[in-house]
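Biologist: Before we go through this model, could you set out the terms you rely on, and then take my questions in turn?

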Amino acid sequence: MSLNGSGGGAGRAIFTFVVFVAGLASSFCAQAQAPTAPTSSLAVQPGAAQPTPIIQGFAVRGNQRIEAGTVTSYLPLQPGMPADPELLDLSLKTLFNTGLFSDVVLEMQENGALLIDVKENPIVNRVIFEGNRRVKEDKITEEIQLAPRTVYTRSKVQADAQRIVELYRAKGRFAASVTPKVTPLAQNRIDVIYEIDEGPKTGIAKVNFVGNKIFTDIELRGVILTKESRWWRFFTSNDNYDPDRLEFERELLRKHYGRNGYADFSVVSAVAELTPDRKDFFITFTVDEGPKYTVGEVRVKTTLAKLDEDVLERFIPIKTGATFDSEKIESSVESITFATGSTGYAFVDVNPRLSRHAETNTMDITFEVNEGPRVYVERINIKGNTRTLDKIIRREVRIAEGDPFNRVLVDRSKARVRSLGFFKEVEIEEKPGSAPDRTELDVTIEEQATGSFSIGVGVSSTENFIVDLSIEERNLMGRGQLLRFRAQASSRTRLVDIQFTQPYFLGRNLAAGVSAFNQRTNFRESGFIRNRIGFGLNTGFQISEYGRGGLNYQFTNDDVTIDSINRLSIPAGDDPLSILTPGATPISVDTQTVNGVESQVVTAILCDFLVQSLSPTCQSRGQFVTSLVGASISFDTRNDPFKPTRGWRTALSVRFAGLGGDVNYYQTEASSAYYHPLIGKFVGVLKGRAGYIDGYGGDDVRLSDRFFEGASSFRGFEVAGVGPRFVTFFDTQENRPDGQSIGAKAYAIGTVEILLPLPLPKEYGIRAALFSDFGTVGLVDESTKFINGDSSFFLDVPVLDADGAPILDDMGNATFTSLAPVQDALALRVTAGVSVSWDSPFGPVRFDFAEVLRKEIYDQTEGFRFSAGTSF
């Protein structure tokens with residue numbers, strides 16, 4: 001008797017069972033074939049007995065890697081059992097199902113042993129991919145089953161080929177094909193080769209919408225992820241057809257219409273049609289918009305005795321008469337859940353009921369608040385964190401073991417863990433606990449790299465060039481700590497800074513950090529160089545859902561130097577020392593003759609000249625130690641921290657210098673911004689900043705501690721181009737008095753902006769805004785203006801009309817007026833213009849075009865400013 005199976009593991013088995021008896025001799029013979037389905041037959045010699053052979057033992061032949069005992073362990077047979085055809089058939093199928101054999105033959109021997117003749121499937125030596133240029137090898141390896149040192153089967157290689165094709169289809173290459181090949185090697189090993197023909201990229205020729213009347217096709221294309229294929233979209237894959245993405249597009253459209261009052265909106269169909277050349281798809285969404293609803297009556301109903309319906313209604317951000325917004329329904333459920341939880345009801349079920357009134361297109365909303373099933377969190381399991389400590393994750397979870405289960409808190413926990421920035425994926429899954437009222441939470445995370453090394457270069461109108469190097473680790477040793485080293489160099493600044501932050505100091509929700517720095521800044525506009533070295537301590541803490549507070553201490557040592565060289569012409573024969581401060585000596589004294597008049601040119605250090613020694617710049621020379629403490633508070637409700645369209649942000653900081661050191665002052669700064677959608681996609685922005693600094697204890701405010709505004713902080717003016725100035729000459733080219741900026745003790749600057757919806761694809765990354773900056777910068781100490789008491793230092797400047805042209809007298813000569821050297825007018829300045837920014841492939845680029853509408857005569861203006869940079 002023999003049983004034979006072949007067909008590469010397809011489990012097809014055909015056998016013939018023949019038993020015949022001739023005297024004392026018996027012979028068993030079997031044959032195997034490969035038909036389409038297993039069959040069995042029994043042929044008996046006429047007049048012969050029909051005993052079923054008894055299996056006396058097993059013999060294994062043909063095995064190379066697999067032990068004989070392992071082969072027989074798979075059989076449902078044991079020695080002493082009859083060789084029943086059904087059991088032999090089951091044994092044959094069982095061996096095939098292991099995936100270890102490509103062929104199996106079962107044959108009864110004359111001695112009663114069952115011979116198992118096997119042909120082992122080969123072992124994969126290497127898996128080779130050929131032709132994959134668009135998809136990396138590691139991405140393909142993640143999708144397939146076969147790998148080195150695994151058992152090869154024909155079914156596995158066919159399934160892997162199909163998986164690779166699906167992977168390419170997800171990348172938009174529907175013409176891709178895969179041909180698997182096998183190269184035999186010694187010792188029953190093989191190399192598996194997948195020859196990949198990637199084919200052309202299958203793009204999106206057109207995205208069409210049918211049935212839309214309220215929103216145009218262009219507006220709806222901006223809502224969905226799928227984009228039409230264009231040459232400039234080489235950095236995105238959203239212009240490739242992905243069938244799995246269509247369902248997500250339906251949800252995006254539903255949310256968009258739901259936010260705008262169309263509660264009955266539905267996507268009737270989403271159809272993708274391949275073009276005849278099989279290179280692109282036409283995608284058509286058929287939609288039913290339905291009517292637009294406004295909010296009617298908003299109520300809260302509850303059966304819980306301790307809850308006041310009127311009080312709960314105050315937590316609902318939905319007002320009667322407003323446009324229906326489905327997202328506000330979800331936020332209302334969260335608000336009511338939190339409100340009921342604070343009154344002691346941990347188990348509530350908030351169910352919004354919508355009542356439509358077709359005749360008025362209004363929607364009544366009733367929130368039914370009832371007691372829900374009591375479920376407690378029995379255990380919280382953290383999984384997948386191979387580097388980050390458990391406690392770093394647990395402290396962000398808003399629910400603890402033993403607490404009542406709360407879906408809102410679970411969702412917030414997921415968002416908080418994700419916001420750490422340490423993980424690529426975060427999932428929280430519920431599992432049944434040890435009892436019906438118990439549940440377990442599995443927090444599964446996938447870690448990602450948190451260290452970074454970056455080098456940045458850039459140019460701007462202010463710095464000319466910028467080189468920035470930064471090394472940062474945001475999750476130091478898995479403890480959630482931040483360590484950063486930064487070095488920056490530009491045409492005016494050199495900075496080295498190292499910072500360490502512990503986000504949960506002493507196990508509390510209190511961030512603590514320490515920093516050390518060295519900064520050298522060339523204040524060209526004021527004529528001094530400051531070399532600052534110091535360290536700082538800071539803490540930060542959460543004071544509400546949207547608010548944070550902070551305390552800080554800073555100790556610095558400033559060395560302010562004046563390295564400028566100046567030249568001054570005096571009449572021949574005058575003593576050069578007469579124009580210098582006592583003890584100062586000139587660098588050189590040269591003689592020159594102009595129009596036959598001989599004079600002397602004295603070259604010396606700027607502050608060695610008597611007239612300059614009285615300037616605010618020279619009075620700020622020297623070394624100063626500053627010890628200051630500060631506090632800050634901020635609130636931020638914006639919907640996006642980078643590109644907000646609604647919400648507000650405000651901040652206030654106070655600093656006091658004088659806890660030791662050489663400097664005594666107090667400083668206050670405040671800033672605020674408000675974002676609100678206007679008509680269409682226009683967004684209105686109101687911004688404001690203000691600050692004040694003043695000395696105490698007999699100290700004035702040093703020049704390097706004052707406020708310098710202009711450039712990006714007050715568009716339309718140069719760096720430090722607006723505010724108090726020490727005027728020393730009249731610039732005939734610019735037709736204005738000029739000199740050094742001396743900073744201000746106070747400023748108040750406001751901005752009105754309208755963010756423009758450009759008719760360009762979002763992939764361009766181009767944004768534009770109309771703006772108007774307005775405000776005032778001024779105030780200096782009286783000691784700074786004492787030089788104005790000596791008329792000999794006044795500057796004669798021509799009187800100009802509104803167009804900037806000199807005003808002439810009756811004789812046709814320019815008229816002049818005397819201008820005090822220290823100019824400080826706390827007057828209103830106004831500018832307006834256009835700002836354009838571009839997130840280019842090489843880094844952010846920004847252009848500001850501004851026109852000054854109101855200014856002072858000594859202010860320095862500019863109509864254009866740009867900046868650009870990149871990192872790699």
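Modeller: A cavity is a set of grid points where a 1.4 Å probe fits but cannot get out, and its lining residues have an atom within 4 Å of a point. Please keep in mind throughout that this is a predicted model.

Biologist: With that in place, which residues line the largest cavity?

Modeller: The count comes to one cavity of 30 Å³ or more, and the volume of the largest cavity is about 40 Å³. Its lining divides into three nonpolar, three polar and four charged residues. The residues concerned are A711, S712, R715, G716, D848, A850, E862, G863, F864 and R865.

Biologist: Which elements give two or more residues to the lining of the largest cavity?

Modeller: The lining of the largest cavity includes D848 and A850 as well as F864 and R865. Strand 42 covers 843-854 and strand 43 covers 864-871, and the elements that meet the condition are strand 42 and strand 43.

Biologist: Turning to the second largest pocket, which residues lie nearest its centre?

Modeller: The second largest pocket has a volume of about 1400 Å³, and its lining divides into 13 nonpolar, 20 polar and 15 charged residues. At least two lining residues come from each of several strands, including strand 24 (510-523), strand 25 (528-542), strand 42 and strand 43. Of the 48 residues that line this pocket, those nearest its centre are Q519, T521, F523, R530 and R532.

Biologist: How many helices and strands are there in the protein chain?

Modeller: The protein chain has 872 residues, of which buried residues make up 40%. Among contacts between residues at least 6 apart in sequence, 59% join residues at least 24 apart. As for the elements themselves, the chain has 12 helices and 43 strands.

Biologist: In the hairpin of strand 9 and strand 10, which turn residue has a positive phi?

Modeller: Nine bridges join strand 9 (residues 177-185) to strand 10 (residues 189-197), and the two run antiparallel. S177 stands opposite D197 in strand 10. Three residues lie between these strands in the hairpin, and the one in the turn with a positive phi of about 60° is Q187.

Biologist: Which are the edge strands of the open sheet of three strands?

Modeller: The order of this open sheet is 35-34-40, with antiparallel pairing. Strand 34 (residues 725-731) is joined to strand 40 by two bridges, and F726 has V822 in strand 40 as its bridge partner. The edge strands, each pairing on one side only, are strand 35 (736-741) and strand 40 (822-823).

Biologist: Which residue just after helix 6 takes a positive phi?

Modeller: Helix 6 (residues 245-259) has 15 residues and reaches 21 Å from its first C-alpha to its last, close to the 21 Å expected at 1.5 Å a residue. Its buried residues are R245, L246, E249, L252, L253, H256, Y257 and G258. The residue that takes a positive phi of about 100° just after helix 6 is G261.

Biologist: What span should helix 10 have at 1.5 Å a residue?

Modeller: Helix 10 (residues 407-419) has V408, L409, V410, S413 and V417 as its buried residues, and just after this helix G421 takes a positive phi of about 80°. The end C-alpha atoms of helix 10 are 18 Å apart, which agrees with the expectation for its 13 residues, namely 18 Å.

Biologist: Finally, is P582 buried or exposed?

Modeller: P582 is found in the loop between strand 27 (565-571) and strand 28 (588-594). P582 and L610 are 28 residues apart in sequence and 8.7 Å apart in space, C-alpha to C-alpha. Because its relative accessible area is 81%, and the cut-off is over 50%, P582 counts as exposed.

Methods: Residues numbered from 1 in each chain as written. Predicted model: local features only at pLDDT ≥ 70, side-chain atom pairs only at ≥ 80, totals over all residues. Heavy atoms only, no water. 1 Å grid on protein atoms, 1.4 Å probe; cavity = no way out; pocket = protein on both sides within 12 Å on 5 of 7 lines; lining within 4 Å. Points joined across faces, edges and corners; volume = space filled by probe spheres on them. Helix = DSSP H or I, 4+ residues; strand = E, 2+ residues; numbered from the N terminus. Nonpolar A, V, L, I, M, F, W, Y, C, P; charged D, E, K, R; others polar. Pairing = 2+ DSSP bridges. Expected span 1.5 Å × (residues − 1). Buried < 20%, exposed > 50% of the residue type's maximum accessible area, 1.4 Å probe, protein only. Contact = heavy atoms within 4.5 Å.
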